[in-house]
Amino acid sequence: MKIFTWKKAAAGAALLSLFACGDDSSSSSKTPEVFGTKDDLPECTEKIAGDTLYVESDSADYFCDDGEWVIVGDTTATDTTANDTTAVSSSSGKPSSSSAIVSSSSAIPKEVVLACPDTLTGSSIYVDGDSLVLESFHQFEFAAYTGNAILLDEEYQMTRLQIPVINSMYGDTAIICSGGMGDSAMCAMTKKGGRFSAGIDSAKAYGPWLVIRLKMPNTPENRKEILNYADSKDVELCATYWVNLYGCLGQNGTDVYGKLRTEGYGDASADLEMQFEFGGKAKYSADSAAALEIALADIEAAIESNNWTKVAALTGLKSSDPYMELFKIASIKGSVYGSGDVYVSFSAKDYSNRSMMESLLQSDCKDIDNHWITKIPLDLSAVSSSSAKSSSSSAKSSSSVASSSSAVSSSSAVSSSSEQSSSSVSSSSVASSSSAESSSSAESSSSESSSSSAPTVFNDENLDFLAALATFTKDEGASSLGTTVWTAQRTFLSTQETKLKAFANSLFSGLSDAGYTLVSGSTTRTYRLQKGGSTYDVTIKSSSDLKRTSVNITAKKIES
């Protein structure tokens with residue numbers, strides 16, 4: 001899945017606006033206005049063009065465009081668009097064109113310039129009056145979830161709050177072309193007369209969505225430019241994305257979730273995945289988590305061998321349970337993260353399987369906290385047995401080394417010296433080596449024990465809080481007299497969006513609580529604290545690819 005540049009730009013704009021306010025918390029915590037009816041909306045003037053406001057009676061956002069308030073999304077159009085895959089060629093998977101398309105902001109047919117094959121997302125380029133419009137849609141994490149789950153989506157809440165600021169920044173060429181935004185492609189299009197805007201589409205199927213638009217005069221030259229822009233590596237408008245089809249949260253917020261998502265064009269080549277995660281207060285104990293991992297591996301092996309009687313016994317499900325049919329078409333994978341968070345997924349091919357999988361999930365969501373996964377019979381003795389075998393093996397190894405070391409204790413020093421000066425290996429030198437390794441191991445063990453008893457690797461109250469978030473090591477190469485540098489890295493899989501956000505929140509909260517302030521930030525942020533005659537810098541840089549996001553943290557202490 002491509003990580004879309006505009007989405008990162010919008011998030012970056014929101015973050016820039018938050019920090020631009022300094023210590024004035026009143027501006028960054030302002031609650032978005034909610035209007036009772038459309039008639040209550042203020043006049044759509046040039047000053048607020050691009051703003052998106054929420055109307056309670058319609059349960060939808062309205063976008064200020066060309067002097068009119070336009071509802072963002074149209075339910076009469078999106079249901080058909082979201083489910084109609086007949087017009088898409090499953091063999092080519094390439095963008096297609098047709099005579100008309102229904103924009104999310106209007107039910108009036110539009111001339112299509114480019115229609116992406118992924119009709120669930122629905123990104124496209126079309127003609128609107130005398131303008132060319134490029135629309136790109138991106139789901140929020142808890143989009144398509146039941147109930148009020150979206151209200152727990154921090155990105156959604158932040159974006160709603162910051163949409164006016166983002167659009168103000170998008171309307172300023174100087175900001176778009178600044179290093180903070182860091183998008184040269186957007187800068188180039190702006191200089192050619194393009195105008196970017198962002199909004200939230202709450203009515204589009206499987207929403208809400210972040211929608212980013214580029215609008216420019218409809219000329220032959222601009223048509224060529226906008227098509228090239230859509231196909232550029234910075235944009236890739238028609239790249240495929242995972243799209244949530246259905247989801248739900250448990251009673252305790254984000255501790256438990258289940259969701260069904262797809263990547264593809266809704267045909268036989270589409271990937272379907274049903275995911276479940278149990279964390280927070282629902283996480284497993286260390287032994288139970290280890291036992292569950294063993295059980296999930298056994299279930300997967302039984303499924304692969306078509307041993308359905310064993311599958312039923314291992315899962316605790318009846319042979320008539322609908323999940324037994326899913327096991328025949330889907331692969332199962334389970335993992336345990338951190339200190340007991342459990343993640344289980346079921347993957348299948350072919351969009352035609354969606355109905356069965358969604359039906360299962362809808363049933364599960366009636367009581368997701370007590371999903372059958374949480375009731376899989378666990379054999380804790382298997383964990384104890386495995387641990388005992390490992391301990392026994394370690395004990396035997398230690399005994400063997402000790403015996404060998406004892407047998408040559410009188411010649412250890414000589415043998416060690418001989419080993420360093422000669423490549424020949426005698427029985428005494430091997431034994432001596434064992435003795436040296438044993439001694440080294442003992443020293444290492446002693447060192448680890450000593451280290452574990454110390455507060456943290458920093459041994460400094462102004463940095464100690466970081467040790468709870470990542471494993472830091474001292475960077476000897478970067479450290480110097482009066483300056484000490486530590487580094488750490490945390491990596492999150494693309495399926496661990498919630499964990500990544502929780503980590504980021506903990507990190508930034510910790511920095512704030514410790515008194516750090518942002519001194520520079522765009523793709524790399526540096527926070528600083530001056531206290532007790534020392535200067536502390538914490539620099540954070542993240543990078544992402546299709547499978548994971550890596551967060552690199554550098555902590556520096558400069559003593560004056």
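**View 1. Strand 7 is largely enclosed by the rest of the structure, because four of its five residues (124-128) are buried.** Buried means under 20% relative accessible area with a 1.4 Å probe, protein chains only. This is a predicted model: local features need pLDDT of at least 70, side-chain atom pairs count only at pLDDT 80 or more, and totals for chains, interfaces and linings use all residues. Residues are numbered from 1 along each chain as its sequence is written, and side-chain values use heavy atoms, without hydrogens and water. Strands are DSSP runs of E, at least two residues, and helices runs of H or I, at least four, numbered from the N terminus.

**View 2. Strands 7 and 8 form a hairpin with two residues between them.** The pairing with strand 8 (residues 131-139) is antiparallel, over five bridges; strands pair if DSSP finds at least two bridges between them. D128 has S131 as its bridge partner. In the turn, G129 has a positive phi of about 65°.

**View 3. Five strands form an open antiparallel sheet, ordered 11-12-13-15-14.** Strand 11 (242-250) and strand 14 (331-337) are the edges; each has a single partner strand, so one side of each lacks a neighbour in the sheet. Strand 13 (residues 271-278) and strand 15 (residues 341-349) pair over eight bridges. F278 is bridged to V342.

**View 4. Helix 8 (residues 286-304) meets helix 9 (residues 308-315).** Contact means heavy atoms within 4.5 Å. D298, I299, A302 and I303 in helix 8 meet W308, K310, V311, L314 and T315 in helix 9.

Key:
Axes are lines fitted to C-alpha atoms, for helices over the stretch in contact, and angles run from 0 to 180 degrees between N-to-C directions. Buried means under 20% relative accessible area, exposed over 50%, partly exposed in between (1.4 Å probe, protein chains only).
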